[in-house]
Amino acid sequence: MENALPTLIGLSRDELAAEMVAIGEKPFRAKQLWHWIYNRGVTDFAQMTTIAKPMQEKLAERYTLARPTVVTEQTSTDGTRKWLLAFSDKNQAETVYIPEDDRGTLCISSQVGCTLTCQFCHTGTQLLVRNLGAAEIVGQFMTARDSYGEWPTPDDTKRLLSNIVMMGMGEPLFNYDNVAKALKIIMDGEGISLSKRRITLSTAGVVPMIRKTGEELGVNLAVSLHATTDEVRSRIMPINNKYPLAELMQALRDYPTNNARRITFEYVMLKDVNDSDADARNLIKLVKDIPAKFNLIPFNKWPGSEFEQTPMKQIKRFSDILFEAGYSAPIRQTRGADILAACGQLKSESERLRRLKESQAAE
Ligand code: SAH
């Protein structure tokens, strides 16, 4: 059953206070609600014991705290967990949890589909349906916390869900306002309370929004670079025609960083396209003056893609060249491959499998 009531999730503190005033309550109620919603994670107004029954009932008549609907939840043999979530208009997006030794990272989507059309990305073959709202972005995190029973908000050092990467479906900087609003809610110290140091936003390079991200959010920045010349980058990432490398690198030089908080350059290893020793050396020149680290991503193949993965031996060589120049350049381990949770595979794959199942069922 769809819940037709408006949600209180995703409102800023000021909006929540205004909402209370609009229904004849005192603005301070917003502070109480904030605690119950984002620290305790309650989904039922009746659990809000600091609020008197009549007001609990009044809230329940008018609002919901429901999460997105979990369509499927799959857990990989390596512990990676993936949720396919449906929103109230039936649109879907995926969220992935990746446990590691020293942290647990939730990979959050910012859009349903994507408009970037990066040639190596499966999500890019699917048209943009729409931006996700702030409630739907925060809702992904809350759903994951529900799944691991991680309420009330644990100590920073004792969490499974300790980090966030905005690296799911979509380009977060094409949906800046909703992403910013959601991250501010997530970073609020009286609620979910995740430090900006534990949040990384990944962009394909929407130059005009990079400065704003630094000034307003101060989260870690990752940039999907994937090429060292405009010629190659424009071919595999059309956004480079609009914001070429020189402009992108200038915006990154201006981003608030230091040696402890470097910009991560993601680099998908595509056989014979961007993976030569000369490319590695170009990369080093390109990031000069920027506190940088690299993340080399073995290309995850998908049906119909024109690219091949660089052989592991050459990926290692590429990594060594960067390392010898003084940069950290780990090779990103493919996680959750058995549940199709890897980079560039989100949603579109689930959608393809669903269609396949439907067509088989119809036969
Ligand atoms: N739009 C943002 C967020 C997506 S992050 C961005 O471009 O950064 C997803 C990461 O996975 C990006 O670095 C993307 O380039 C990379 N990626 C996409 N398709 C991939 C594939 N098939 N194999 C490996 N990495 C891929």
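What covers the buried residues of α6? Let's look at that helix and then at some other parts of the structure.

## About the model

This is a predicted model, in which local features need pLDDT of at least 70 and side-chain atom pairs count only at pLDDT 80 or more, while totals for chains, interfaces and linings use all residues. Residues are numbered from 1 along each chain as its sequence is written, and side-chain values use heavy atoms, with hydrogens and water left out.

## Helix α6 and its cover

Helices (H or I, at least four residues) and strands (E, at least two) are DSSP runs, numbered from the N terminus. In helix α6 (residues 207-216), the buried residues are V207, M209, I210, T213 and G214. They cover an arc of only 145° around the axis, so they sit on the same side of α6. That arc is taken from the directions from the helix axis to the C-beta atoms. Buried means under 20% relative accessible area, exposed over 50%, and partly exposed in between (1.4 Å probe, protein chains only).

Now back to the opening question: the cover over the buried residues of α6 includes α5 (176-187), β8 (199-203), β9 (220-224) and α9 (245-253). On the face turned away from the buried side, α6 carries the exposed residues R211 and E215. After α6 comes G218, with a positive phi near 65°.

## Helix α4

Helix α4 (residues 134-148) has 15 residues, which should span 21 Å at 1.5 Å a residue; its end C-alpha atoms are 22 Å apart, which agrees. The expected span is 1.5 Å times one less than the number of residues.

Eleven of the 15 residues of α4 are buried, so the helix is mostly covered. Among them are I137, V138, F141 and M142. G149 follows α4, and its phi is positive, near 60°.

## R81 in strand β2

You can find R81 in strand β2 (residues 81-86). Is R81 buried or exposed? R81 is buried, because its relative accessible area is 16%.

The side chains of R81 and T75 are joined by a polar contact of 3.0 Å (a pair of N or O atoms within 3.5 Å; within protein, one must be able to donate a hydrogen and the other to accept it, and residues adjacent in sequence count only if both atoms are side-chain atoms). Leaving aside neighbours within four places in sequence, the contacts of R81 (heavy atoms within 4.5 Å) include E73, Y97, Y148 and I339.

## Strands β10 and β11

Strand β10 (residues 263-269) runs parallel to β11, and seven bridges join them. Two strands pair if DSSP finds at least two bridges between them. F265 stands opposite F294 in β11. Strand β11 (residues 292-298) is mostly covered, with six of its seven residues buried.
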